[in-house]
Amino acid sequence: MAQCVPDTASEELRGNGASYHGKRAKTVSGKICRNWKKEINAGSVFLQSGKEANKFPYENHNFCRNPNGLMPLPFCVVDRTGKKIETDIEFCFSHPGCDYCSGSLKDVREGCKEAAEKGFCNYSDLKTAENRIYWWTNCKKSCCETTKCSLQE
């Protein structure tokens, strides 16, 4: 049975998306998200491994989520290269919400502008997340400038 999702769900991404309850069901790479409840029931290796497993939404839908701010951005479970038996985690947004790009913005290392222009700030999958966190931490100004957000200092 499908789970009801309130019409008040907002597509606005704020910060790392811990409060995101929109209806986006596709990743940055264009993959369709799999159903959370079915993945948990099927024993998806990622969702069932470790002490973090109980933090994932046991919900009957395939919308992007970031429960408890566990990841840098909302994400979902997807088929790994079209194989329905193997799954991966991918992000549904390429960068944090625009509210993240307000206040004091600065780059604390050299080469930030060039790195941001090459896409080093763009999130895509779990494998590159740690690298993207590094760039957002050290090159916040340049990363924010590459988003479609208007900068407010």
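Is Asn68 buried or exposed? With a relative accessibility of 62%, Asn68 counts as exposed, where exposed denotes over 50% relative accessible area, buried under 20%, and partly exposed the range in between (1.4 Å probe, protein chains only). The structure is a predicted model, in which local features need pLDDT of at least 70 and side-chain atom pairs count only at pLDDT 80 or more, whereas totals for chains, interfaces and linings use all residues. Residues are numbered from 1 along each chain as its sequence is written, and side-chain values use heavy atoms, with hydrogens and water left out.

The secondary structure of the protein chain consists of five helices and two strands, these being DSSP runs numbered from the N terminus (helices H or I, at least four residues; strands E, at least two). Read from the N terminus, the order of the elements is α-α-β-β-α-α-α. Of the 153 residues of the protein chain, 41% count as buried. The accessible surface comes to about 8,900 Å², of which 50% belongs to carbon and sulfur atoms, as computed by the Shrake-Rupley method with a 1.4 Å probe, only the protein chains shown counting as cover for residues. Among contacts (heavy atoms within 4.5 Å) between residues at least 6 apart in sequence, 61% join residues at least 24 apart.

The loop between α2 and β1 contains Asn68, whose phi is near 60 degrees, a positive value in a residue other than glycine. Arg65 also lies in the loop between α2 (45-48) and β1 (75-80), but Arg65 is buried, its relative accessible area being 7%. The side chain of Arg65 reaches the backbone oxygen of Gly22 at 2.9 Å.

Glu11 is found in the segment before α1 (36-41) and counts as partly exposed, at 42% relative accessibility. When neighbours within four places in sequence are left aside, Glu11 is in contact with Tyr20, Gly22, Lys23 and Arg24. With Tyr20, the side chain of Glu11 forms a polar contact of 2.7 Å, a polar contact being a pair of N or O atoms within 3.5 Å; within protein, one atom must be able to donate a hydrogen and the other to accept it, and residues adjacent in sequence count only if both atoms are side-chain atoms.

Glu11 and Arg24 are among the residues that line the second largest pocket, together with Leu13, Phe93, Ser94, His95, Pro96, Gly97 and Cys98. On a 1 Å grid over the protein atoms alone, a pocket is an open set of points where a 1.4 Å probe fits, with protein on both sides within 12 Å along at least five of seven lines, and lining residues have an atom within 4 Å of a point. The volume of this second largest pocket is about 160 Å³, taken as the space filled by probe spheres set on the points, which are joined across faces, edges and corners.

Glu90 lies in strand β2 (residues 83-91) and counts as buried, at 8% relative accessibility. The side chains of Glu90 and Thr27 are joined by a polar contact of 3.0 Å. Beyond neighbours within four places in sequence, the contacts of Glu90 include Ser29, Lys31, Phe75 and Asp125. Glu130, by contrast, is exposed, with a relative accessible area of 69%, and lies in helix α4 (residues 129-138).
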